Amino acid sequence: MRDNRGKKGTKTSSFGSPGRINHDSTPFYTSKLYEGLPEEEKVKYVENPVPPQFLDKIFCKSSERMEELPDNSVHLMVTSPPYNVGKEYDESFTWLSPANPTLRDVHEYILVFSKGMFSRKNMNKRESTISRDEFLEFTKSVWTFPAEPARKIGHPAPFPVELPYRLIQLYTYRGEVVLDPFMGSGQTAIAALKADRHYAGYEIEEEYVKLSEMRINEFLIGYESPTLFSFTE
Ligand SMILES: C[S@@+](CC[C@H](N)C(=O)[O-])C[C@H]1O[C@@H](n2cnc3c(N)ncnc32)[C@H](O)[C@@H]1O
């Protein structure tokens, strides 16, 4: 395989692992391992604008109905839904015993879903803002960064801003709309602003809407967005 400069790339090998330059993994993804998976359906790309009065807002209501947002108006949703887990520990926990030690999670998975097709065309010729170094780092299968202390933020389950920031950089173009239907302390909104995107959010607890708004305002003090708010396609 050659790239657009005519340079030769690597491809999946049946013996060992070669370097990965301009890598063609078609042989891997067409192998038996992936046999029988549903085929991507071809869907026409439709994009509707969010009415400007509903952009960069957090609605204090349940996200079960998001009538402010027209169909096909959001480019990316980043969220962490309510967990509904208590913090009680199993009494049979086997401390320092090899009988049946429980593995403790030191990681979380990010599930990435795509509506219709896995990729989308950049119809409006919007700008990608991810740098080379970010792209190399964010496309790794393991991300490592510190957890966000709940007490410091004032919400029981905040994720670090770095988490939505990476997803926004990876999956959206400048000026697009990022939705968080469980906004909590406002981390997704802050990440969207940091990446020069718009946000829309829902949060059922008034206390957390106020907390988000306060944190967003604090972030915006002294922050100059290069182009945001001029996005009017
Ligand atoms: C896991 S927390 C999200 C934390 C957020 N990612 C952050 O970094 O701060 C889930 C949030 O969803 C809110 N919530 C629960 N049910 C909701 C609903 N039906 N609609 C909107 N928000 C809801 C909770 O009040 C809580 O703040």
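This is a predicted model: local features need pLDDT of at least 70, side-chain atom pairs count only at pLDDT 80 or more; totals for chains, interfaces and linings use all residues.
Ser63 uses its backbone here: one of its backbone N or O atoms lies 3.0 Å from a nitrogen atom of the ligand. Phe159 also takes part through its backbone, with a polar backbone atom 2.9 Å from an oxygen atom of the ligand. With Ser185, it's the side chain you want to look at, where an N or O atom is 2.6 Å from an oxygen atom of the ligand. How much of the ligand does the protein bury? On its own the ligand would expose 610 Å², and the protein buries 89% of that.

You'll find Gly154 in the loop that runs between helix 3 (150-153) and helix 4 (162-171). Is Gly154 buried, exposed or something in between? Its relative accessibility is 40%, so Gly154 counts as partly exposed.

Time to step back and take in the whole chain. There are six helices and four strands, and reading from the N terminus they come in the order α-β-β-α-α-α-β-α-β-α. The chain has 233 residues, of which 31% count as buried.

Next, the aromatic rings. A pair of aromatic rings is described by how far apart the centres are and by the angle of the planes. The count for this structure comes to four aromatic pairs. Take Phe54 and Phe59: their ring centres are 5.8 Å apart and their planes sit at 75 degrees, and because an angle over 60 degrees counts as edge-to-face, that's what this pair is. Phe59 also pairs with Tyr202, this time with centres 5.1 Å apart and planes at 35 degrees, so that pair is tilted. Put together, ring pairs link Phe54, Phe59 and Tyr202 into a cluster.

Phe59 is at 12%, so it counts as buried, since the cut-off for buried is under 20%. Tyr202 is buried too, with a relative accessible area of 0%.

Rings can have charged neighbours as well. The charged end of Arg166 sits over the ring of Trp143, 5.2 Å from the ring's centre. Over the face of Tyr165 lies Lys194, at 4.5 Å from the ring centre.

One last stop is Glu68, in the loop between strand 1 and strand 2 (76-77). Glu68 has a relative accessible area of 13%, so this residue is buried. What does the side chain of Glu68 make contact with? Its partner is the side chain of Lys61, and the two are joined by a polar contact of 2.9 Å.

Key:
Residues are numbered from 1 along each chain as its sequence is written. Side-chain values use heavy atoms; hydrogens and water are left out. A polar contact is a pair of N or O atoms within 3.5 Å; within protein, one must be able to donate a hydrogen and the other to accept it, and residues adjacent in sequence count only if both atoms are side-chain atoms. Accessible areas come from the Shrake-Rupley method with a 1.4 Å probe; for residues, only the protein chains shown count as cover. Rings of Phe, Tyr and Trp (its six-membered ring) pair if their centres lie within 6.5 Å; planes under 30 degrees apart count as stacked, over 60 as edge-to-face and the rest as tilted. Buried means under 20% relative accessible area, exposed over 50%, partly exposed in between (1.4 Å probe, protein chains only). A charge sits over a ring if NZ of Lys or CZ of Arg is within 6 Å of the ring centre and within 35 degrees of the ring normal. Helices (H or I, at least four residues) and strands (E, at least two) are DSSP runs, numbered from the N terminus.
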